[in-house]
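Here is a short briefing on one structure. Look over the sequence and the fold before reading on.

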Amino acid sequence: MTDVQKLFQEAVISFRTENYSEAEHQCRHLLRYNAKHPDVLHILALCLQHQHQPKAAAENLKQALKHNPHHCPSRKSLIALYLQHDQYELAQQEIDALLQDQPQHFEPYYLQALLFRKLGLANEAMEAILRAKQNLQQPSPVVDYLKACIYYDLENYEKTEQILQNLVRQLPEYIDAHVALNKLYWEYGPHEKFLESFQQALERLPQSRSLLFSFATHQLMAGKLEETLELCRNVVDKHPKWVEFHHLLGVAYARNHHPDKALEAYLVAVKLNPKNIRHQLDLAINLMRRGEYKTALEHVQAVAKEHPYNQEMLAYKALCLQALGESDSSHSLNNYQQFVKIIELQPPAGYESIDEFMQELADILTGMHHNTQHPLDQSVRHGTQTMGNLFANKAPIINQLKLMIEQAAGDYIRGLPDDPHHPFLQRKSERIRFTGAWSVCLKEQGFHTNHVHPEGWLSCCTYIQLPKQITQDDATQAGWIRFGDPGYELPGLTPVIDAKCPQVGYCVFFPSYFFHGTVPFSGQGARITAPCDISPQW
């Protein structure tokens, strides 16, 4: 084996063991010997992608394809990257090229189905996935899983359930299928089947690490704290190195109001895996709630070092700085006066007023709220949330809404000052993309728990329909959006709170790292909104 071959094997091992920075260094060293090697460029791109550098990853994949246009692994990775970052036209170009290279293979049609599903074209996605199945040499669980997801989009829940049940019977450790199946039961019923698939699979594989963890996670999301605690304690007693259970044990203890036990579990998790962002941030929250802001900030800064644009990190950093007396730095991050802006939308052609437009839109959105209770893993309480990307819906009125918000976002961004050192302002760009969009319908006593938007840079909430009792002169601020409240008590710290009264036809823009939630309201009527997240184009 030559030195180059040995170094290539070392780079592959580094990548597979998730040591991406080391693998990147090894790949760059290899490129000194051969700058056109597609396999090396491919691995380098994947390393960069895992290190949150999608633009650089795409450039290396394109270089690999330039030197070898038939290097299908690079093309498939480039398609996946474009799909992940909503670059749909570029993804379609690469899928077309892959179809020319592999017209009889299932994967181009599988990727085409993924793209159509992202675009909200469920019927076209179904045609593509059926073509993929025709080209299979043997059964493929991932193809069947995507077919089930498309049936879900088509609201054929019976077919969805049938395929997912078959998958978890045949492959009891197929976690994605368990997750989708139990999400279906949680949202549409029958509710007595929720968690059943995990229980049946664990009867067959009682020591499966992935099954136990996903089962415990779903118990926790469903509010079954005692069951989660019992399961996690049993697991860590038998398997003390299974780090994810120590972390989940900490989360369950924290929600069950046992902060000391939560701290103990978090410390073990961070010791076992100090690079895990979730472990570091949850430990920081626990320390903040104990008043240990200096130590909490150290863990927040550990995340900032590797992930400077992590939105949760920025939220906790601002609170720690305020608690430590660094009010200028805290205010610089949480400057509500500068960063929270209310912008009135203008009605599109064909509508006499914004109220007329919003009433028609409210009728459309109401018909999209099919599920019977709040999502399992979102901030909504006593309300419902639409599934998937709202802006992928092809209804003309929703496309009009997207264009209206896009224009308002441009006005907001142009009004921001320039500051290359501020974590929000340094990303300022008029070239933007929507990283998520959905609709929420809250009924009486409905609200959002306080949260941030981890997938965004800039967030926006558009008000479509409001109950008449939500008013500007209400001292209780019922139905208002509130900024700055993390949702829990912090010793010696009174968070700065800003609240805005919603108005139909208006958008509220704010940095995605701002804590925000809503105040419950009483009485009849629906509070219908269309929130979205925005990021700079990469």
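Where does L195 lie? L195 sits in the loop between α11 and α12. The model is predicted: local features need pLDDT of at least 70, side-chain atom pairs count only at pLDDT 80 or more, and totals for chains, interfaces and linings use all residues. Residues are numbered from 1 along each chain as its sequence is written, and side-chain values use heavy atoms, with hydrogens and water left out.

Helices (H or I, at least four residues) and strands (E, at least two) are DSSP runs, numbered from the N terminus.

**Backbone features**

- Most residues other than glycine have a negative phi, and most peptide bonds are trans.
- L195 has a phi near 80°, a positive value in a residue other than glycine.
- L195 is buried, because its relative accessible area is 3%. Buried means under 20% relative accessible area, exposed over 50%, and partly exposed in between (1.4 Å probe, protein chains only).
- The loop between α11 (175-188) and α12 (196-204) also holds P190. A cis peptide bond joins G189 and P190, with omega about -5°.
- Q477 is not a glycine, yet its phi is positive, at about 60°.
- Q477 is placed in the loop between β5 (458-465) and β6 (481-483). Its relative accessibility is 24%, so Q477 counts as partly exposed.

**Salt bridges**

- The structure holds 19 salt bridges. Each is a side-chain nitrogen of Lys or Arg within 4 Å of a carboxyl oxygen of Asp or Glu.
- One of them pairs R209 with E244, with the closest N and O atoms 2.6 Å apart. R209 lies in helix α13 and E244 in helix α15 (residues 243-255), so this pair ties together parts that are 35 residues apart in sequence.
- R209 is partly exposed, with a relative accessible area of 35%. E244 counts as buried, at 17% relative accessibility.
- E312 forms a salt bridge with R278, and their closest N and O atoms are 2.7 Å apart. This pair links distant parts of the chain: E312 is in helix α19 (residues 311-323) and R278 in helix α17 (residues 277-289), 34 residues apart.
- E312 is buried, with a relative accessible area of 16%. R278 is partly exposed, with a relative accessible area of 29%.
- D411 bridges to R414, with the closest N and O atoms 2.6 Å apart. Both D411 and R414 lie in helix α23 (residues 396-414), three residues apart, about one turn of the helix.
- D411 counts as partly exposed at 40% relative accessibility. R414 is partly exposed too, with a relative accessible area of 46%.
- A network of salt bridges links D86, K118 and R433.

**Buried helix residues and their contacts**

- L212 lies in helix α13 (residues 209-221). L212 counts as buried, because its relative accessibility is 11%.
- Leaving aside neighbours within four places in sequence, L212 is in contact with L202, P206, Q207, L231, V235, W242 and F245. Contact means heavy atoms within 4.5 Å.
- The C-alpha atoms of L212 and G484 are separated by 36 Å, and the two residues are 272 residues apart along the chain.
- Q26 lies in helix α2 (residues 20-31). Q26 counts as buried, with 8% relative accessibility.
- What does Q26 contact, leaving aside its neighbours within four places in sequence? Q26 is in contact with L7, E10, A11 and S14.

**Surface charge**

- E352, E356, E360 and D363 gather in a patch of negative charge on the surface.
- Patches are made of residues with over 30% relative accessible area and no salt bridge; like charges are joined within 9 Å, and nonpolar side chains (Val, Leu, Ile, Met, Phe, Trp, Tyr) within 5 Å.
- Lys and Arg count as positive and Asp and Glu as negative; His and the chain ends are not counted. The place of a charge is taken as NZ of Lys, CZ of Arg, CG of Asp or CD of Glu.
- Accessible areas come from the Shrake-Rupley method with a 1.4 Å probe; for residues, only the protein chains shown count as cover.
- E360 is found in helix α22 (residues 354-366). E360 is partly exposed, with a relative accessible area of 38%.
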